[in-house]
Amino acid sequence: MAQASSVVYNNKRKLWVPLPLHGFVVAVAVLLLCFAPINVLAAARQQSPPLQLSQKLRFGRTGEFKILQVADMHYADGKTTPCLNVLPSQVHGCSDLNTSAFIQRMIQAEKPNLIVFTGDNIFGFEAKDSAKSLNAAFAPAIAAGIPWAAVLGNHDQQGTLSREGVMKHIVGLKHTLSQFNPSEAHIIDGFGNYNLEVGGVEGSGFANKSVLNLYFLDSGDYSTVPSIPGYGWIKPSQQLWFQRTSAKLQVRTSSELSMDAIFGPNNKPFLFVSQSAYMRPPMAKKSFAPGLVYFHIPLPEFASFEASNFTGVRQEGISSASINSGFFTTMVEAGDVKAVFTGHDHLNDFCGQMTGIQLCYAGGFGYHAYGKAGWSRRARVVVASLEKTDGGWGAVKSIKTWKRLDDGHLTAIDEQVLWSKN
C-alpha cells in the first residue's frame with residue numbers, strides 16, 4: 001500500500017464457495033471407486049502422487065519453530081531511496097539501507113527458522129530495476145542462509161517486471177522456499193499460492209509428519225472487474241486449492257483416515273475419502289496439525305475489531321477488497337487454521353480473534369513505506385512450541401507471538417498466545 005487510503009467502499013457482498021468434500025461429492029466418489037477399472041485408479045495415483053513431507057523445515061531440538069514476518073519493505077534503489085515519515089532527526093542518511101539493517105538485527109536477535117515476506121517487498125514505481133531491487137530486498141535473508149518465503153503485494157509488479165515475472169524471479173533466488181504455483185493446480189488465479197510443511201523434531205515420533213502447516217496465497221493487487229472498485233481478493237480457484245490442500249494434510253496427519261485422488265468428468269481431480277474411514281470413530285479436531293496463513297491484503301473481517309477485543313493498535317482504516325469473497329468462511333470450515341498474517345496497512349499491528357482464528361497485522365517494516373513519525377517500524381515474530389512427551393517431543397502445544405520495534409533496543413511488545421492445544 002503506497003499511501004494511507006481515505007476511500008471507504010460500501011455495499012460489501014459475499015461470494016460463497018462450496019466445499020469439495022461435502023456429501024454429494026463424496027457420494028459420487030464412492031460410486032466411481034466401485035466401478036472404476038484398476039488401471040484408471042493407477043493412472044490417477046500417477047498423475048496425483050501423495051504429497052511428500054518437506055525436509056527443509058523442521059522443529060529444532062528445543063521443540064520450537066520460529067517465524068519472522070517482514071511486511072511492506074517497499075524497497076526501491078538502496079541508499080539513494082529516502083525514508084518516509086520519520087522524525088526530522090532521522091531524515092539525514094536514512095534510506096532503504098535502514099530497512100536492510102533492521103532485517104539483519106532481527107535475524108541476529110531472534111534467529112528465526114523461517115522468514116516470511118508478506119508483500120510489497122519492493123515499491124515498483126520507484127525501482128529502476130525490479131530484479132536488482134528484489135535482490136537487494138531479500139539480500140539479508142539470503143546472506144544469513146535462512147530459509148525464507150514470500151508472497152506478492154499490490155506494488156511489487158509496478159516496475160520493470162510483471163507480476164508473473166516478479167514471482168518467477170523470487171523463486172529463483174537462493175535459500176527461498178517460495179513457489180510459483182502448485183503443480184497440481186492447472187488453473188489457479190495469482191502467482192505464489194503454495195504450502196510448506198514443518199516436520200517434528202528429528203528422532204521423535206513426529207519426525208516424518210508435518211506438525212505445522214503453512215499456507216501462502218496471492219491476495220492480488222487491484223480489482224480487474226470494472227463494477228468492483230478497490231483492491232484485489234482471494235479468488236474461488238485459490239480457495240478450492242486451499243480446501244483440497246488442507247483436507248489432504250489433515251487426513252494424512254490423522255492415522256484413522258486414508259485418502260486417494262481420483263478423476264471425475266473432464267479429467268478434473270477431486271478428493272476421495274475411503275469408505276472404510278466411515279467405519280471408524282471420527283478423529284478429534286485437535287489431532288490435526290495447526291495451520292498458519294500468510295498473504296498481503298487483509299480480509300474484510302479485519303474490520304470487526306475494536307480496541308477492547310484486540311492486542312496492538314489500529315491507526316488507519318482496513319484497506320481490504322470492497323467485496324467479501326468468503327475466504328474467512330473457507331478457513332473456518334477447513335478447521336485447521338489458527339492464525340492469519342497480513343501486511344498492507346502499515347499503521348495497524350493488532351491481532352484479534354474471530355470464530356477461532358486470530359487475524360494479525362505485522363505493522364510496517366520498511367523505511368521507504370509510509371509510516372508515522374515517532375512510531376517505530378516493526379516486525380512480528382511467531383513461535384510454535386511442541387508438547388513434551390515421554391518419548392521426546394510430540395505435536396504442537398501452543399503458538400504465541402510478539403513484535404519487535406526498530407527503536408535501538410529491538411524492544412519486544414504485545415506478547416500473546418494465539419492458540420493453545422488445551
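This is a short talk on the fold of one protein chain, given from a predicted model.

Let's start with the overall count. The protein has eight helices and 14 strands. It has 422 residues, and 55% of them count as buried. Now take contacts between residues at least 6 apart in sequence. Of these, 70% join residues at least 24 apart.

Next, the sheet. Six strands make up an open sheet. Read across it, the order is E4-E5-E8-E9-E11-E10. The pairing is mixed. As background, strands of a sheet pair through backbone hydrogen bonds, either parallel or antiparallel.

Which strands stand at the edges? Strand E4, residues 194-199, and strand E10, residues 351-354. Each has a single partner strand, so one side of each is left without a neighbour in the sheet. Neighbouring strands here are turned against each other by 20° on average, direction ignored.

E10 runs antiparallel to strand E11, residues 357-361, and four bridges join them. Within this pairing, Cys-351 stands opposite Cys-360 in E11.

Helices pack on this sheet. Helix H7, residues 236-252, touches E4, strand E5 (210-216), strand E8 (291-294) and strand E9 (337-342). Its direction makes about 175° with that of E5. Helix H8, residues 327-334, packs on the sheet as well, touching E8, E9, E10 and E11. The direction of H8 makes about 135° with that of E11.

One stop in a loop. Ser-204 lies between E4 and E5. Is Ser-204 buried or exposed? The cut-off for buried is under 20% relative accessible area. Ser-204 has 12% relative accessibility, so it counts as buried. Its side chain reaches the backbone oxygen of Val-201, at 2.6 Å.

E12 covers residues 378-389. E13 covers residues 392-405. The two run antiparallel, joined by eleven bridges. They form a hairpin with two residues between them. For a landmark, find Val-383, opposite Lys-400 in E13.

E13 also pairs with strand E14, residues 412-420. That pairing is antiparallel too, over six bridges. Here Thr-401 stands opposite Gln-416 in E14. E13 and E14 form a hairpin with six residues between them. In that turn, Gly-408 has a positive phi of about 95°. How much of E13 is buried? Eleven of its 14 residues, so to speak a mostly covered strand.

Now the inside. In soluble globular proteins, nonpolar side chains tend to be buried together. In this model, the largest nonpolar core has 61 residues. Six of its members touch the most other members: Phe-59, Phe-117, Phe-138, Trp-148, Leu-212 and Leu-292. Strand E12 gives this core its largest share, six residues. Apart from that core lies another, of 25 residues, with Phe-295, Phe-302, Phe-305 and Met-331 among them.

Let's zoom in on Leu-212. Leaving out residues up to four places away in sequence, its contacts include Phe-59, Phe-65, Leu-196 and Val-198. They also include Ala-289, Leu-292, Ala-384, Val-396 and Ile-399.

Last topic: aromatic rings. There are 19 aromatic pairs. Take Phe-216 and Tyr-294. Their ring centres are 5.7 Å apart and their planes stand at 15°, so the pair is stacked. Phe-216 sits in strand E5 and Tyr-294 in strand E8, 78 residues apart, and the pair links these distant parts of the chain. Both residues are buried.

A second pair is Phe-302 with Phe-350. This one is tilted, with 6.5 Å centre to centre and 50° between the planes. Where do the two residues lie? Phe-302 is in the loop between E8 and H8, and Phe-350 is in the loop between E9 and E10. So the pair ties together parts that are 48 residues apart in sequence. Phe-302 and Phe-350 are each buried.

That pair belongs to a cluster. Ring pairs link Phe-302, Phe-305, Phe-310, Phe-350 and Tyr-361.

Methods: Residues numbered from 1 in each chain as written. Predicted model: local features only at pLDDT ≥ 70, side-chain atom pairs only at ≥ 80, totals over all residues. Heavy atoms only, no water. Core = buried A, V, L, I, M, F, W, Y, C linked by side-chain atoms within 4.5 Å. Buried < 20%, exposed > 50% of the residue type's maximum accessible area, 1.4 Å probe, protein only. Contact = heavy atoms within 4.5 Å. Pairing = 2+ DSSP bridges. Axes fitted to C-alpha atoms, helices over the stretch in contact; angles between N-to-C directions. Polar contact = N/O pair within 3.5 Å; in protein donor to acceptor, adjacent residues only side chain to side chain. Phe/Tyr/Trp six-rings, centres within 6.5 Å; stacked < 30°, edge-to-face > 60°.
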